[in-house]
Amino acid sequence: MNDYIIFTDSACDISEELLKEWGVRYISLTYAFNDSPKLYGNYEIPSPEFYQIMRDGGIAKTAAINISTFEKTFEGIFKEGLDVIYVGFSSGLSSTVQAAEVAAKVLAEKYPERRIKVIDTLAASAGQGLLLYMAVKAKEAGASFDEVVSVVEDNKLKLAHWFTVDDLVYLKRGGRVSAVSAFVGGMLGIKPVLHVDNDGHLIAMQKVRGRRTSLRTMADKYTETAEDPKSGTVFISHGDCIDDARALAKMVEDEHGVKTEIITYVGPVIGAHSGPGTLAIFFIAKER
């Protein structure tokens, strides 16, 4: 049986330190500010600094990973005698995973003795990170290549993403809400509660008034839909609003006795489109 590694991309919003601890290799999506030719990797600018640049008016534009970069990266791993399970960023939000699939097909002909599985998680941020965590835990428990793939594939359409944003202007730029809705919402203090659907797209579900109400709504979604509310794994990601992240984690713990496994930053690749103040909770649900 061939040895294998678990691989991901930086849209998983798991820190470099933790990825290293898990034994996971990654490839980074990139972004640039205000049409500058300078490209930054996802971990290059500290997250608080990134969000301060956005608050000061900086506009970040992101770029997917191309086919040739994947080919070079995967081929290097194959030359080490390792197979690859790539837990990738949602095809509903980026072309990254499609580029990986093309690269994998090219390399399959060149290295028939090696295996590579590209998994479209249909997930983003720490939702992708939670599926990655499940894969790592399975590998640590001795699971085979195929068993790890099954863990991710069997759970990805049960991986719930519930999130809110602090300012609708960033979703407006990405075409998620209209300019009028963003303006009126800002004036009235409207906070949308969104999720990621079975195709990996962002979908607006509710509009609530006030930040605290949006947190309460997300906690209620956990109560209503979690597969195992008393002992499930919970991840929370935030766009430089740690106090709100902790408040949401406390709601879930107080009501269900479940401690949030990881609280992490929404990285630049996702944060460029959702903005400062984004807050998201991820867990395995009865269905998305």
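**View A. Cysteine 241 is a buried residue in this predicted model.** The relative accessible area of cysteine 241 is 11%. That counts as buried because the cut-off is under 20%. Which cysteine sulfur is closest to that of cysteine 241? It belongs to cysteine 12, at 19 Å. This is too far for a bond, because a disulfide needs two cysteine sulfur atoms within 2.5 Å.

**View B. Cysteine 12 is buried and in no disulfide.** A disulfide is a covalent bond between the sulfur atoms of two cysteines. Is cysteine 12 buried or exposed? Cysteine 12 is buried, and its relative accessible area is 0%. Its nearest cysteine sulfur lies 19 Å away, in cysteine 241. How many disulfides does the count give? The count comes to zero.

**View C. Histidine 238 sits in strand S11.** The strand covers residues 235-238. Histidine 238 is buried, with a relative accessible area of 2%. Which residues does histidine 238 contact, once neighbours within four places in sequence are set aside? They are Ala245, Ile263, Thr264, Tyr265, Val266, Thr278 and Leu279.

**View D. Alanine 245 lies in helix H10.** The helix spans residues 242-256. Alanine 245 is buried, at 0% relative accessibility. What does alanine 245 touch, not counting residues up to four places away in sequence? It touches Ile236, His238, Ile263 and Leu279. Now find threonine 264. Alanine 245 and threonine 264 are 19 residues apart in sequence. In space, their C-alpha atoms are 8.9 Å apart.

**View E. Helices H5 and H6 cross at roughly 150°.** Two packed helices are described by the angle between their axes and the distance between the axes. Here H5 takes in residues 125-140, and H6 takes in residues 145-155. Their axes come within 9 Å. The angle makes H5 roughly antiparallel to H6, because angles over 145 degrees count as roughly antiparallel. The crossing is right-handed.

**View F. Residues from both H5 and H6 make the helix contact.** H5 supplies Leu131, Met134, Ala135, Ala138 and Lys139. H6 supplies Val148, Val151, Val152 and Asn155. How many residues of each class are in the contact of H5 with H6? Seven are nonpolar, one is polar and one is charged. Lys139 is the charged residue, because Lys counts as charged.

Notes:
Residues numbered from 1 in each chain as written. Predicted model: local features only at pLDDT ≥ 70, side-chain atom pairs only at ≥ 80, totals over all residues. Heavy atoms only, no water. Axes fitted to C-alpha atoms, helices over the stretch in contact; angles between N-to-C directions. Helix = DSSP H or I, 4+ residues; strand = E, 2+ residues; numbered from the N terminus. Parallel < 35°, antiparallel > 145°, perpendicular 65-115°, else oblique. Left-handed = near helix turned anticlockwise from the far one by under 90°. Contact = heavy atoms within 4.5 Å. Buried < 20%, exposed > 50% of the residue type's maximum accessible area, 1.4 Å probe, protein only.
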